[in-house]
Amino acid sequence: MKPINLFINEMKDLFKCKNVYFMNGSENETKELLDIAQRSVFDDKVILKKLNHNEYPNSYYHRSNINDVARTEHLTYVCTKNIEQAGPNNNWMEPNEAKKKMLKLFSNSMNNRTMYVIPFTMGMYESEYAKDCIQITDSVYVALSMKIMTRVGNKTIDRIGDSSNFFRGIHSVGTLNPSERYIMHFPEENLVMSFGSGYGGNALLGKKSYALRIGSYLGYKEGWLAEHMFIIGVESPNGKITYFLGAFPSACGKTNVAMLKFVFKGYKVWTLGDDIAWLNVGKDGNLYAINPETGFFGVAPGINYKTNQIIMETLKNNKFLPTLFTNTAIDNDNNVPWWEGLSDKIPLNLTDWKGEKYFKDSNKTAAHPNSRFTVSIYNCPTLSKEYYNPKGVPISGIIFGGRRKDTIPLVFETNDWNNGVFMASTVGSEITAASSGDIGNVRRDPMAMLPFCGYNMGDYFQHWLNIGNKIKNKPKIFIVNWFRKDENGKHMWPGFGDNSRIIKWMIDRIDGNVDVKKSEIGLLPNILDLNLDGLEIGKNILEKLFSIDRQSWIKEISMIEEFYSKFGNKIPKELQANLLKLKNKIQN
Ligand code: OXD
Ligand code: MN
């Protein structure tokens, strides 16, 4: 029997499912799944509810269990034979123990349910990077979401053929009991087991679990990088397109930059991806990037026609697959989704994300702060034609950032690749609602990969340095912080569209048109080189946005030292040397 059929039979025996739905990727199948989801009740709720298709064509609403609204990092494990390989950045469990636990939970858990078999490929079929996968799930919401986010269909089955070399993602929502919730990764076996959650990051196993955690491990072994990054191409008035990657922690605005509208005439952003990039060094010595996904799973609150016109157009441009809204509020008068920030006026007849009537003066939000949309990338009006290029796009600039109310300037350029890797390895960010944790606390989140690196981050930093050695035309590495606040707690930079001013400066740097000022931490822009036309911003605010406060940096360095110390001698010498240099400069 073919390995793929053996696997499916094994799953049938394990889950004792009522029946099996083998997905083939067809249009008719989408209709069927939508039909099933609108007819079925799970966790006392209809799984999908049709929204007003005049306003939001082909859109549906899903409400999750209130204890299942974000990634659960404390329940996410990397199960390698040896604990050191997983590193202090991951929870670890011995693989046999983890499997025993999961098999017990999985056993009979689909008794009265359909088992969906989802064959999918990450990356263009024609790409050397493309990877073939099979996910098992008992959630029709997950099955539909996977169809939006990945390439689902028979083609994957044909590609796998008689081979046993495919990713196995095994998922069951179980009873949604948080005390029985685990997301277990087995990078050495190309396998993930997930139980007890239907939330995107825990349950759509092609995304964080495969494309990042397992992907980063495969990249380490095979000589490439799997990163938590958007990919954009910025077209300048002369027609030249400059490609950027950007890594920000979850819910820090990657989707907004991926669809940025420039405030200057003649510039245009082409979107290639908003969350995940696979990077490879090409034969010509350039760094190339592809987006292995086919959809956006973005945060809704804050989005409107002013902050992100393109995503609003994407959400309403439903030519292809359905769009799902999860845990937003519902405006009952119009049967449309609503979230904080969508309109200034709060609709009168709102049901909140928990399904309760929403009162305007309530101190709670109507939409969950991590409420999401799941939408096909093919609906995006700014989708780059290079998205389809199996080779990917050549990268000229990499942007790293976090959400910091102080310390980090609006933008600076790092001195060179190794210094850029150092700075990226130290990035800190305030925790957001995308994961359950202490919201607002600053934690180190190197390369925005802390929750997603499937192996020891010390080895990961060395891998970044090694990749740099292979790149002939090294991209410039920039650090940004859109979120710095003044002494009254007010954001000093408007963000959103005005971030294009910073990206224009980066292009000017890449093209060699402007110079920089050397500082203790890196290369700062000359304020006069930033095009601030049409922006009302005081000189003193600008100075504060770029100020380097010695005391804050002394504190920052001690936090970096504390973080590094967890990795012992796994931190590359090159990064230790960079840290020492920075410390000396700050102290002198
Ligand atoms: C996401 C995340 O969903 O980073 O993209 O949490
Ligand atoms: Mn993400």
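**Exercise 1.** Work out in which order the strands of the open five-stranded sheet lie, and which of them stand at its edges.

*Solution.* The open sheet places its five strands in the order E4-E5-E21-E25-E20, with mixed pairing, where strands are DSSP runs of E with at least two residues, numbered from the N terminus, and two strands pair if DSSP finds at least two bridges between them. Strand E4 (49-50) and strand E20 (295-299) each have a single partner strand, so they stand at the edges and one side of each lacks a neighbour in the sheet. E4 runs antiparallel to strand E5 (residues 59-62), and two bridges join them; in one of the pairs, Lys 50 has Tyr 60 of E5 as its bridge partner.

This is a predicted model, in which local features need pLDDT of at least 70 and side-chain atom pairs count only at pLDDT 80 or more, while totals for chains, interfaces and linings use all residues. Residues are numbered from 1 along each chain as its sequence is written, chains are lettered from A and ligands numbered from 1 in the order in which they are written, and side-chain values use heavy atoms, with hydrogens and water left out.

**Exercise 2.** Describe the surroundings of ligand 1, beginning with the residues around it.

*Solution.* Nine residues surround ligand 1 (a heavy atom within 4 Å), and the closest are Arg 71, Lys 208, Ser 250, Asp 275 and Arg 372. Among the polar contacts (N or O atoms within 3.5 Å), a polar side-chain atom of Arg 71 lies 2.9 Å from a ligand 1 oxygen, and for Lys 208 the corresponding distance from a side-chain N or O atom is 3.0 Å.

Definitions and conventions
A polar contact is a pair of N or O atoms within 3.5 Å; within protein, one must be able to donate a hydrogen and the other to accept it, and residues adjacent in sequence count only if both atoms are side-chain atoms. Helices (H or I, at least four residues) and strands (E, at least two) are DSSP runs, numbered from the N terminus.
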